[in-house]
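I opened a new model today. These are my notes on what I looked up.

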Amino acid sequence: EYMAARDVVREGSLLRKSTVLQSWKTSHVILTRHGYLHCFEDKETGSADVSIPLIKCSVITDSKTLGFSINVTSAIPLTASRTFAFRAATEQEMVEWVCAVKDHSQGAP
């Protein structure tokens with residue numbers, strides 16, 4: 001198993017927008033109680049494609065597309081922030097993910 005079950009707050013599939021090709025692909029996503037959102041293209045590999053620290057982030061929702069974006073502020077001065085875009089299958093699922101992410105982040109400064 002790639003992480004302890006007690007560390008997992010929420011787990012499921014979301015569409016994630018790739019940063020290079022700007023295309024949507026299905027990712028297996030795990031939110032941990034340590035404040036990280038781990039995205040796996042293939043959950044069987046055990047290696048996350050991206051791990052998003054939620055320490056300094058803000059979340060923006062778009063209920064028309066069932067999407068939400070996580071904007072992570074860099075802790076390094078003069079380094080750009082990054083935005084990660086996701087889409088859920090239903091509005092309820094989107095709301096649940098957004099609430100869970102906000103509950104495990106400290107918010108943007």
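I began with pairing: two strands pair if DSSP finds at least two bridges between them. Strands are DSSP runs (E, at least two residues), numbered from the N terminus.

The model is predicted, so local features need pLDDT of at least 70, side-chain atom pairs count only at pLDDT 80 or more, and totals for chains, interfaces and linings use all residues. Residues are numbered from 1 along each chain as its sequence is written, and side-chain values use heavy atoms, with hydrogens and water left out.

**Entry: S3 and S4.** I looked up how these strands run. S3 and S4 pair in the antiparallel sense, over four bridges. I found valine 50 of S4 as the bridge partner of cysteine 39.

I then checked the faces of S4, residues 50-53. Val50 and Ile52 form the covered face. Ser51 and Pro53 form the uncovered one. In a regular strand the side chains alternate between the two faces of the sheet.

**Entry: histidine 38.** I found histidine 38 in strand S3, residues 36-40.

**Entry: phenylalanine 86.** I located phenylalanine 86 in strand S7, residues 82-87. Phenylalanine 86 is buried, with a relative accessible area of 1%. Phenylalanine 86 and lysine 17 are 69 residues apart in sequence, yet 6.3 Å apart in space, C-alpha to C-alpha.

Conventions. Buried < 20%, exposed > 50% of the residue type's maximum accessible area, 1.4 Å probe, protein only.
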